[in-house]
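Dear colleague,

I am handing over the structure below, followed by an account of what turned up in it. Please read the notes with the structure open beside them.

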Amino acid sequence: MNPASAALRALRRVALPVGLVTCLATSAFAVDTHPGPDSDKQFFPIASYRVGPYASAGVQIWAAMIDYLRYVNEVEGGINGVKIVWQECETEWTADKGIECYERQKHGLNGAPVAIYLPNGAPAAYALTDRAAQDKIPLITLAYGRTEATDGRVFPYIFPVILTFYSEASALVNYIAEREGGLDKLKGKKIATVYHDSAYGRETLEPLELLAKTYGFENIQIPVADPGNEQSSQWRQVREAKPDWVFLRTWGVSTPVAIKTAVRFGFPADRIIGDVWASSEEDVLPAGEAAKGYLALTPYPAGASFDIHQRLKKAIIDTGKSDLRDTSTFGSVYYNSGLTDALIFVEAVRIAQKKFGNRPITGTEGQWALEHLKLDNARLKENGFYGLVQELQLTPADHEGGGAARVQQWDGTKWTPVSDWVQADRALLRPLIDAKSAAYAKEKGITPRDLSQDLSKQQ
Amino acid sequence: MNLFLETLIGGLLAGTMYSLVAIGFVLIYKASGVFNFAQGSMLLFAALTFVTLLEKGLPFAAALAVTIAILILGAILIERTVLRPLANRSPMTLFMATLGLSYVIEGAAQGLMGAQVHALDLGIEDVPIFIGDVLISQFDLVAAATAVTLALVLALLFNNTRIGISLRAVADDTRAALSIGINLNRIWQIVWAVAGIVGLVAGMLWGARQGIQFSLSLVVLKALPVLIIGGFTSIGGAIAGGLIVGAAENLAETYVGPYIGGGITPWFPYFLAIAFLYIRPAGLFGERALERV
């Protein structure tokens, strides 16, 4: 054997284990950002769906995000001087493409790091739960995804900020109580939930059962299977049950079909309260006249009269820089949801910069910032989101933070808010969330974080 | 008893809406033996074109005429660019071609006309009519009448016109039809155009109910069990299959659903279709394939 081949063999013997150990070791840490010319910028990855069945919602959401980021860059000079760069990746709202986009974008863009990732779809959000924790990249799942991720002890990298489905159910009951004259008036009432028969739709079964037991109303649950384009039998059941209110937890075409069928079966639209995913213009426009009076819960009400819209109109819309092809949707529910998502990202980066310095923020720093995110009304007035976004305070133990919704009513052409923020009874529901997160931790062998040190620091 | 009657009648009427979608498949299958995977995309494209033209300010009749003209042009284009080059290939090859075609049509629809949701008001009120205590939807009645009329017109077309007889000849024996001078390419163009127009009618009715949006193409999911039950080659079978599926799924949801968790309408028709496959593989009115071995 010549010395060269012996050296090569020795090198192989050493290199292979070292390589394996290195791979295993690095997989336990945060992902690296690939170097590049934009290392002084902050990357905002956009996992978008501009094609496919949900594109009509998507085009407005991404436009809002891009408009706001452009506004922050051009009018505010970036986040404390750090410019934002963004890149879209098409997911078609599917888990497989969602994962592909995440893997492609998690290393940043031309050196600009990822602070926060938005999966923008329940399938991808569920699929990325473990990967994100491993890569130490926080995921924001605003108004979708796992409710139990509220428990930051078990889900340090998932943030179902602002409103989970549990809080939505509680806010609904509290709103009905407001309309009926108090929580004590709920006793003996009937609330029927017509829900999309999916993980999303079934998410409120448990909290509504608890709320019904607590307040004494009759809890009727009627599933509608996807896609829900024929619902006669469901609404016949509603008519037979004679509920006082219907909570409509549908999605896509099943919402306008539900509203039309309800009215055909003699159930008034103004006694139907839609949930977050049945609260957009796209949900009611196809239902035409039948949708007049329909109510809906939302964490981001429609309207272009909020202060942020005036600022965007002047700097982005009127100057032709908007990403919206059809500017008539400026201020729509979906547009405003995109603004809210982008706001959380920008504010989290701002908070991280206070601790880590005015520079681009990494995933671990973004996670810290989200766990210390605080948006009070004074701050919301400063950034122009007062009225559109509720006050919000997240902690390591509470990744939701808000838990309120506003109710808006469709008048045939536009949504009008008909309530202030209706707060959920989060304390009542928290034991359910803790039980679910504990079950998840047990199943996955996760040891919940000990937050006593964080809590003592806060106090 | 009222609940049973109402569920049954409502189901039968809803079933005619499924039949409308299924007829489009039958036409193409009859002429070429191919399951047209692009039928849902054609339905979406047709309805989206129609509503876009309406929103551009065209009167109803003009929008309808222009849409039909576009569908005819589309059929000629499909025949020239997809079907003609693949003539005499296996049905599986043609099926795969229609699979690709569906993506092209959906992409073209969204690229040209956008992804927005459109409301479509056909002037048919979706109000209840009471016969005794039994509630019937006026919209469903109109839809059922449309489906039956369409089936009758197509039956007349295929039984009493030269084109119809040529089509039947092609369906029976393509080579024999070619040998007596029937222009296969022209037949395909006509059939795809008629399937497009049937898709337009179905798309308008479904679109008026649920809005015209990308997911409109998913209504074809209901057509498959209808075709298995009624047979792939019979327009009458599509009507019968639709009625069976509509009635059965509604009755099952009302009477069986509550005991097994509800939400059974998407899979129950397929369950029924599998049962039919065991008993009558060609469907109720389908032609039994005889092969010399």
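How much space lies in the second largest pocket? The second largest pocket holds about 620 Å³ of space, where a volume is the space filled by probe spheres set on grid points that are joined across faces, edges and corners. A pocket is here an open set of points on a 1 Å grid over the protein atoms alone, at which a 1.4 Å probe fits and which has protein on both sides within 12 Å along at least five of seven lines, and lining residues have an atom within 4 Å of a point.

Some conventions come before the rest. This is a predicted model, in which local features need pLDDT of at least 70 and side-chain atom pairs count only at pLDDT 80 or more, whereas totals for chains, interfaces and linings use all residues. Residues are numbered from 1 along each chain as its sequence is written, chains are lettered from A and ligands numbered from 1 in the order in which they are written, and side-chain values use heavy atoms, with hydrogens and water left out.

Pockets

The second largest pocket is lined by 24 residues, and those nearest its centre are B:Phe37, B:Tyr103, B:Glu106, B:Ser217 and B:Leu218. The lining of the second largest pocket divides into twelve nonpolar, ten polar and two charged residues, with Ala, Val, Leu, Ile, Met, Phe, Trp, Tyr, Cys and Pro counted as nonpolar, Asp, Glu, Lys and Arg as charged, and the others, Gly among them, as polar.

The largest pocket has a volume of about 990 Å³. Of the 35 residues that line the largest pocket, B:Tyr29, B:Ser32, B:Gly33, B:Ala171 and B:Thr174 are the closest to its centre. Among the chain B helices that each supply at least two residues of this lining are H1 (2-32), H4 (91-113) and H8 (184-210). By residue class, the lining of the largest pocket has 18 nonpolar, nine polar and eight charged members.

Salt bridges

Over all chains the count comes to 44 salt bridges, a salt bridge being a side-chain nitrogen of Lys or Arg within 4 Å of a carboxyl oxygen of Asp or Glu. One of them joins the side chains of A:Glu168 and A:Arg249 (3.0 Å, N to O). This pair links distant parts of the chain, 81 residues apart, with A:Glu168 in helix H6 (residues 165-180) and A:Arg249 in strand E7 (residues 245-249) of chain A. Both A:Glu168 and A:Arg249 are buried, where buried means under 20% relative accessible area, exposed over 50%, and partly exposed in between (1.4 Å probe, protein chains only).

A:Lys292 and A:Glu289 also meet in a salt bridge (3.4 Å, N to O); A:Lys292 is partly exposed at 42% relative accessible area, and A:Glu289 is exposed at 62%. A further salt bridge joins A:Arg430 and A:Asp434 (2.9 Å, N to O), which are separated by about one helical turn because they are four residues apart in helix H16 (residues 426-444) of chain A. A network of salt bridges links A:Glu76, A:Glu347, A:Arg350, A:Arg379 and A:Glu382.

Backbone

Most residues other than glycine have a negative phi, and most peptide bonds are trans. The peptide bond from A:Asp226 to A:Pro227 is cis, with omega near 0°, and A:Pro227 lies in the loop between strand E6 (218-224) and helix H9 (232-241) of chain A. A:Trp93 has a positive phi near 65°; its place is in the loop between strand E2 (84-90) and helix H3 (95-105) of chain A, and A:Trp93 counts as partly exposed at 22% relative accessibility. A:Ile162, which is not a glycine either, has a positive phi of about 75°, and at 1% relative accessibility A:Ile162 counts as buried.

Kind regards
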